[in-house]
Amino acid sequence: DAYGNAIRDSAVTVNATGAGITLSQPNGVTDGAGTYANTTVSGTTVGSVVVSAVVAGVAITQKDTIAVVPGEVSASQSTLSASLDTVTASSGSGGATITVTARDDQGNPIPGANVVLSASGGGNTVTQPSGPTNGSGVATGVLRSTQVGVKIVSATIAGTGIQEKDTVAVVPGSANKTAFVVQPSGATVGVVLSPAVQVEIQDQFGNLVATATNNVTLTLSTNP
């Protein structure tokens, strides 16, 4: 009451403002000490929850604030995506930007989480995120590779491997050199070489450039 005396047997209603709030509030009244502690407040959306109460029909002026913070990393809710489906083989330029978003079971973004990227196959250079996830739960890195093929990109967030993956196809660069696929072998004069000599056109990293149309000229030299 106005003099600080406990009031027993008074009905209490608790209210909370904020998104995704659940109140568990069984019917009840204050005990002999004027206390009512039967309400549980929970939230699924990150943010501030303002809690107030009405006692015996009178709204009390004092309120309290509860901060709802993200839960643990969810392997199924967190996401990963590559900015490009296809990139050209490279060791230092271009590449696909990999974006990872850390979320909890309720889909809330998780800031401050460390992300580690990985990619299948060889010849890969994976530039890891420069820091933990930002306020939106996002961290980005870059994938480059000198070896052609389809790369499967995956991530762990705070040590948890997430379910979503993405693929990036690495294709050859421009024609840069030739290489023997089948080397010349000892032969008899006047007899066709067997097996036939085979030469392929490659990019600077030794990947076959199957679309190349460059002319290739073979020259036979006299043995020393």
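This briefing covers backbone phi values and a salt bridge in one structure. The structure is a predicted model, in which local features need pLDDT of at least 70, side-chain atom pairs count only at pLDDT 80 or more, and totals for chains, interfaces and linings use all residues. Residues are numbered from 1 along each chain as its sequence is written, and side-chain values use heavy atoms, with hydrogens and water left out.

**Backbone phi**

- Most residues other than glycine have a negative phi, and most peptide bonds are trans.
- Asp9, a residue other than glycine, has a positive phi near 60 degrees.
- Asp9 lies in the segment before strand 1 (12–17), where strands (E, at least two residues) are DSSP runs numbered from the N terminus.
- Ala158, also not a glycine, has a positive phi of about 50 degrees.
- The loop between strand 13 (149–157) and strand 14 (160–161) contains Ala158.
- Ala158 is exposed at 53% relative accessibility, exposed being over 50% relative accessible area (1.4 Å probe, protein chains only).

**Salt bridge**

- How many salt bridges does a search of the whole structure find? The search finds 1 salt bridge, defined as a side-chain nitrogen of Lys or Arg within 4 Å of a carboxyl oxygen of Asp or Glu.
- The side chains of Asp9 and Arg8 form a salt bridge, with an N to O distance of 3.6 Å.
- Asp9 counts as exposed because its relative accessible area is 54%.
- Arg8 is likewise exposed, with a relative accessibility of 54%.

Notes
Helices (H or I, at least four residues) and strands (E, at least two) are DSSP runs, numbered from the N terminus. Buried means under 20% relative accessible area, exposed over 50%, partly exposed in between (1.4 Å probe, protein chains only).
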